[in-house]
Structures are given as C-alpha cells and as structure tokens.
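Subject: Structure for you to look at

Hello,

Here is the structure I said I would pass on. Please open it beside this email and follow along.

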Amino acid sequence: MTETVHRLSRRDARRIAVRPVNPGEPMGVGEVGERATVEGVAGEWRVDSQQLGLAFRGRTALLSPLDRLVADRVRLEELFEYEYLLEMYKPAAKRRWGYYALPVLHGDRLVGKLDAEADRRAGVLRVNALHWDVEPTAAMRAAVDREIAALASWLGLDLVRA
C-alpha cells in the first residue's frame, strides 16, 4: 500500500471509528485498524485503535446521502434498523422523503430524514419536511433545529420552513 493511501486510510479510520471492510477498497486499506466484531451483524469490521477504551460521545448531525455511514444501505438497515433510499431518480409522486433527503443522526441513532432544498436565487434554505423515524423529544427537536440553522448559515442562506 502506498504511503498516501495508508495515511488516508488511517484518517478515515479515525473519522469513522468502526467501519466495515469493503471488498472494493484498494489493497491494504482493509487492514487499517484493529479487527472487531459487531454483535448480530456479519462481515469483517475494523476499529480505530485510538478509539478503543474511549467513552462514546454522540452528537447531532445532518449527513450527506453519500456519507460512508449510509452508503451501504443493507448494512445501514442491519446496524441501525434505518431504511433509506436516495430518491432523486424517482418520479416526484413516488418519493417518500424528498429529492435529496439528508439522514438525521442524533447520538448513536439515525432518527429521521430532512427534506430541504437550497434555493440560491431566493437566498433561502427551504425545509419542506422533517420525517421522524422515532418520536422526537424536545431536546432532540432542538438539537436538529440547531443543525438545520447551522446548515443554512454555512450555505449563506436564510432559513424558511414550509
């Protein structure tokens, strides 16, 4: 494995902490980190050795549909019991969650999907819907609202809720 690929693999291992080994990865990438078993889930897993023994600190985040955490839809359902499909190629009438819905992470759970669109001409981030997969607590709603506001700010757009 080249030094560059090895450094990138280590960085990804630190960022993801526990990750599946994917057969399509470059040679040697699957060897980065310590072997791990995920109870009740098949496959080979690796964990960043620097994360072993550390307390878990969850957070709230809006994820890209292309994030490595959600890229493998089968594993996503196995690990998190979270159903997700990128619906941009479906006719609008057949979409459940929106054109480019963002998975919503809260703590250690995927709890919903955000249907929002950036309308740059109007200067707004329009929230069309927030589809909860669980009954949200007030704290969960507040944390997700902060993330949505942070996304609008990062994009330089005003936040508009439909």
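Below are my notes on one helix, some paired strands and a few charged pairs.

This is a predicted model, in which local features need pLDDT of at least 70 and side-chain atom pairs count only at pLDDT 80 or more, while totals for chains, interfaces and linings use all residues. Residues are numbered from 1 along each chain as its sequence is written, and side-chain values use heavy atoms, with hydrogens and water left out.

Helix 3

Helices (H or I, at least four residues) and strands (E, at least two) are DSSP runs, numbered from the N terminus. Helix 3 covers residues 73-80, and Asp72 caps its N-terminal end. A side-chain oxygen of Asp72 lies 3.2 Å from the backbone nitrogen of Val74. After the helix comes Glu81, which has a positive phi, near 50°.

Leu76 is part of helix 3. Is Leu76 buried or exposed? Buried means under 20% relative accessible area, exposed over 50%, and partly exposed in between (1.4 Å probe, protein chains only). Leu76 has a relative accessible area of 2%, so it is buried. Contact means heavy atoms within 4.5 Å. Leaving out residues up to four places away in sequence, Leu76 touches Leu69, Val70, Glu81, Tyr82, Tyr84 and Leu110. Leu76 and Leu110 are 34 residues apart in sequence, and their C-alpha atoms are 9.4 Å apart in space.

Strands

Two strands pair if DSSP finds at least two bridges between them. Strand 4 (residues 59-62) pairs with strand 5 in the antiparallel sense, over four bridges. In this pairing, Arg59 stands opposite Gly107 of strand 5. Strands 5 and 6 also run antiparallel, joined by five bridges, and His106 stands opposite Arg109 in strand 6. The hairpin between strand 5 and strand 6 passes through one residue.

Salt bridges

Side chains of opposite charge can pair when their charged atoms come close. A salt bridge is a side-chain nitrogen of Lys or Arg within 4 Å of a carboxyl oxygen of Asp or Glu. How many salt bridges does this rule give? The count comes to five. Three of them are described here, with their residues.

Arg96 pairs with Glu83, the closest N and O atoms being 2.8 Å apart. Arg96 is partly exposed at 41% relative accessible area, and Glu83 is partly exposed at 39%.

Glu87 forms a salt bridge with Lys90, with 3.7 Å between the closest N and O atoms. Glu87 counts as buried, at 0% relative accessibility, whereas Lys90 counts as partly exposed, at 27%.

The side chains of Lys113 and Asp133 also meet in a salt bridge, at 2.5 Å from N to O. Lys113 lies in strand 6 (residues 109-119) and Asp133 in the loop between strand 7 (124-132) and helix 4 (138-155), so this pair ties together parts that are 20 residues apart in sequence. Lys113 is buried, with a relative accessible area of 1%, while Asp133 is partly exposed at 39%. Beyond its neighbours within four places in sequence, Lys113 has contacts that include Tyr82, Glu83, Tyr84, Trp97 and Asp133.

Regards

Notes. Polar contact = N/O pair within 3.5 Å; in protein donor to acceptor, adjacent residues only side chain to side chain.
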